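Keep the view beside you and try each task before reading on.

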Amino acid sequence: KVALPRNLMNGFCSIEPLICLGEALKQQDKFPARDDFIPAKELIVRHCCKTRWFELMQEKGSFDEFDLNHDGVLDRNEIKAMLAKNLRREIPDFVVDDMIKSIDSDDSGVINAGEFSYLMAVTERQLTKRNDF
């Protein structure tokens, strides 16, 4: 089991994505305790899912277009349908679960417009920083 110590998320080595993750975890009061670690595999999956969210919404539409029942949240059925349509294949449940967990900051099991908007803003800001170099 590979783990990522909290000091990297506090700025050690100045790795910007890890610093951003640390700041987000602190805002949610989920920053690891001194002896806690986040498995590297979990970080990689989370990053890949967030990247996929951003790509799907940039290419295919807005939050409201995927909220099929117009209840203000994307539930697992809507997310599964969105992924299947855009990737043109059946999506395993664990992928849908990972997609939800990657941006579900309130652990409600659904994605609301605020969570989605936050992801889009953070991702666009990171892309802007990269392009400035």
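Predicted model: local features only at pLDDT ≥ 70, side-chain atom pairs only at ≥ 80, totals over all residues.

A polar contact is a pair of N or O atoms within 3.5 Å; within protein, one must be able to donate a hydrogen and the other to accept it.

**Exercise 1. Getting an overview**

Task: Find how many helices and strands the chain has, and the pattern they follow along the sequence.

Solution: 
- Begin with the count: the secondary structure comes to seven helices and four strands.
- Next, read along the sequence, where the pattern is β-α-α-β-α-α-β-α-α-β-α.
- Now turn to burial: of the 133 residues in the chain, 33% are buried.
- For the surface, the accessible area of the chain is about 8600 Å², and carbon and sulfur atoms hold 52% of it.
- Finally, take the contacts with a separation of 6 or more: 52% of them join residues 24 or more positions apart.

**Exercise 2. Checking a helix**

Task: Work out whether the span of helix H2 agrees or disagrees with its number of residues.

Solution: 
- Helix H2 covers residues 16-27, which is 12 residues.
- The expected span is 1.5 Å times one less than the number of residues, so H2 should span 16 Å.
- The end C-alpha atoms of H2 are 17 Å apart, which agrees.
- While you are here, look for the buried residues of H2: they are Leu18, Ile19, Cys20, Leu21, Gly22, Ala24 and Leu25.
- After H2 comes Asp29, with a positive phi near 55 degrees.

**Exercise 3. A buried charge**

Task: Find what the side chain of Asp104 reaches, and which side chain of opposite charge is nearest to Asp104.

Solution: 
- Locate Asp104 in the loop between helix H6 (93-103) and strand E4 (111-112).
- Asp104 is buried yet has no salt bridge.
- The nearest side chain of opposite charge is Lys30, 7.6 Å away; a salt bridge would need a nitrogen to oxygen distance within 4 Å.
- The side chain of Asp104 does reach the backbone nitrogen of Ser108, at 3.0 Å.
- Setting aside neighbours within four places in sequence, the contacts of Asp104 are Gly109, Val110, Ile111 and Glu115.

**Exercise 4. Following the salt bridges**

Task: Which residue does Lys30 meet in a salt bridge, and at what distance?

Solution: 
- The partner of Lys30 is Asp107, at 3.0 Å from N to O.
- This pair links distant parts of the chain: Lys30 sits in the loop between H2 and strand E2 (37-39), Asp107 in the loop between H6 and E4, and they are 77 residues apart.
- Lys30 is partly exposed at 35% relative accessibility, while Asp107 is exposed at 57%.
- The loop between H2 and E2 also holds Gln28. Gln28 and Ser105 are 77 residues apart in sequence, and their C-alpha atoms are 7.6 Å apart in space.

Task: Find where Arg52 and Glu55 lie, and how many residues apart they are.

Solution: 
- Arg52 and Glu55 form a salt bridge of 3.5 Å, N to O.
- Both belong to helix H3 (residues 40-60), and because they are three residues apart, about one helical turn separates them.
- An α-helix has 3.6 residues a turn, so residues three or four places apart point the same way.

Task: Which helices hold Asp93 and Arg76?

Solution: 
- The side chains of Asp93 and Arg76 meet in a salt bridge of 3.8 Å, N to O.
- Asp93 is in helix H6 and Arg76 in helix H5 (residues 76-87), so the pair ties together parts 17 residues apart in sequence.
- A network of salt bridges links Arg76, Lys80, Glu90, Asp93 and Asp97.
- The structure holds seven salt bridges.

**Exercise 5. Positive phi values**

Task: Decide whether His70 and Arg88 are buried or exposed, and find the phi of His70 and of Arg88.

Solution: 
- Most residues other than glycine have a negative phi.
- His70 is not a glycine, yet its phi is positive, about 55 degrees. His70 lies in the loop between helix H4 (63-66) and strand E3 (73-74).
- Arg88 also has a positive phi, near 60 degrees, and its place is the loop between H5 and H6.
- His70 is exposed, with a relative accessible area of 64%, and Arg88 is exposed with 74%.

Conventions: Residues numbered from 1 in each chain as written. Heavy atoms only, no water. Helix = DSSP H or I, 4+ residues; strand = E, 2+ residues; numbered from the N terminus. Buried < 20%, exposed > 50% of the residue type's maximum accessible area, 1.4 Å probe, protein only. Lys, Arg positive; Asp, Glu negative; His and termini not counted. Contact = heavy atoms within 4.5 Å. Areas by Shrake-Rupley, 256 points an atom, 1.4 Å probe, with all protein chains shown as cover.
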